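Please read it alongside the sequence and the structure shown here.

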Amino acid sequence: MSKVITMIPVRMAASRLPNKPLLDINGKSVIQRVYENVRKVIPGDVVIAAGDQAIVDECKKFGALSVLTDPSLPSGTDRIAVALKEIDPDGTKYDIVVNFQGDNINVDPRVNLPLIEMVERTGCDIATCGRVMTDEADINNPNMVKIVMGIKDGEKEGRCLYFTRAPAPFIRNPEKSKTHNFYHHIGIYVFKASALHKMVSLPVGVLEDREALEQLRALEAGMTIRAQVVDNIKLVEEAPADVNTPEEYEEAKKWIK
């Protein structure tokens, strides 16, 4: 049985929605709701990797374990790796690390359970997920990251060969091709603990620098990433998956009770 820890990276610096982790949604802060959702579902320990003392203080109010990290760390991946090193300096306590974003207030943590199982079953370094894309505008939108993987229609899992902002893979002969699916990458990650530490120790990759996608660093270094195709990741379909703008915050307050 793998020893699992869920790390929730969160920091205050959000230009579009100041003090986002501490905003109240019907009696509970954003970070408290995220933490409680995770605690109900994912086995093992749950720790908040906080970028600010104010978040640590908030975590104490609702009884969550937190680790204060440098707010200038470049990514949530770096933040959870630093926090994990403080909790488990020898790297022997945990086998699998779930990275659950601190603003994913309406993301169903159950989406991580098959990803944990996939790491255990296949031995891949990182597990993630994606959804079939149906809108041509989304396929051509560089903000919608695509997973390139060679799976047949109806298959629900595969090895990630590349991640890109471009509409890929190109369909050379549409009439002959047996699958036309494009997959939108959903930025949910489950790591082998050793793979997490390896990834953050690597220099920024050539492809990562070009596409501004940190998962390419892992692929460039020969690490294996697998993805599961999912249909839905939300707890409440009407509410936004996360809160990044004042409009999403107001919408979340309407639906999340």
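## Buried positions and helix faces

I48 has its place in strand β4 (residues 45–50), where helices (H or I, at least four residues) and strands (E, at least two) are DSSP runs numbered from the N terminus. This is a predicted model, in which local features need pLDDT of at least 70 and side-chain atom pairs count only at pLDDT 80 or more, while totals for chains, interfaces and linings use all residues. Residues are numbered from 1 along each chain as its sequence is written, and side-chain values use heavy atoms, with hydrogens and water left out.

The relative accessible area of I48 is 0%, so I48 is buried; buried means under 20% relative accessible area, exposed over 50% and partly exposed in between, with a 1.4 Å probe and protein chains only. Leaving aside neighbours within four places in sequence, I48 is in contact with I8, V10, I31, Y35, I55, C59, F62, A64, L65, S66 and V67, contact meaning heavy atoms within 4.5 Å. The C-alpha atoms of I48 and F100, which are 52 residues apart along the chain, are separated by 9.5 Å.

Two of the contacts of I48, Y35 and F62, also form an aromatic pair with each other, tilted, at 5.5 Å centre to centre and with 50 degrees between the planes. Rings of Phe, Tyr and Trp (its six-membered ring) pair if their centres lie within 6.5 Å, and planes under 30 degrees apart count as stacked, over 60 as edge-to-face and the rest as tilted. The pair links distant parts of the chain, with Y35 in helix α1 (residues 30–41) and F62 in helix α2 (residues 53–62), 27 residues apart. Y35 counts as buried at 9% relative accessibility, and F62 is buried with a relative accessible area of 16%.

A83, in helix α3, counts as buried at 0% relative accessibility. Beyond neighbours within four places in sequence, A83 is in contact with M7, A49, V67 and T69. A83 and P9 are 74 residues apart in sequence, yet their C-alpha atoms are 9.0 Å apart in space.

N112 is placed in the loop between β6 and α4 and, at 0% relative accessibility, counts as buried. Not counting residues up to four places away in sequence, N112 touches I42, V98, F100, I188, Y189 and V190.

In helix α4 (residues 113–122), the residues L115, I116, M118 and V119 are buried. They cover an arc of only 160 degrees around the axis, which puts them on the same side of α4; the arc is that of the directions from the helix axis to the C-beta atoms. An α-helix has 3.6 residues a turn, so residues three or four places apart point the same way. The buried residues of α4 pack against β1, β6, β7, β9 (157–159), β11 and β12 (225–229). G123, whose phi is positive, near 75 degrees, follows α4.

Helix α6 (residues 193–201) has A193, A195, L196 and M199 as its buried residues. Seen down the axis of α6, these fall within an arc of 160 degrees, so they line one face of the helix. S194 and S201, on the other side of α6, are exposed. The buried residues of α6 pack against α3 (76–87), β6 (96–99), β7 (126–133), β11 (182–192) and α8 (215–220).

## Pockets

On a 1 Å grid over the protein atoms alone, a pocket is an open set of points where a 1.4 Å probe fits, with protein on both sides within 12 Å along at least five of seven lines, and lining residues have an atom within 4 Å of a point. Grid points are joined across faces, edges and corners, and a volume is the space filled by probe spheres set on the points.

| Pocket | Volume | Lining by class |
|---|---|---|
| Largest pocket | About 1400 Å³ | 18 nonpolar, 15 polar, eleven charged residues |
| Second largest pocket | About 190 Å³ | nine nonpolar, five polar, no charged residues |

In these classes, Ala, Val, Leu, Ile, Met, Phe, Trp, Tyr, Cys and Pro count as nonpolar, Asp, Glu, Lys and Arg as charged, and the others, Gly among them, as polar.

Of the 44 residues that line the largest pocket, Q101, D103, N104, G187 and D242 are the closest to its centre. The elements giving two or more residues to this lining are β1 (4–10), α3 and β11, and β11 contributes the largest share, six residues.

The second largest pocket is lined by 14 residues, of which M149, I151, P169, T179 and N181 lie nearest its centre. Two or more residues of that lining come from each of β8 (146–148) and β11.
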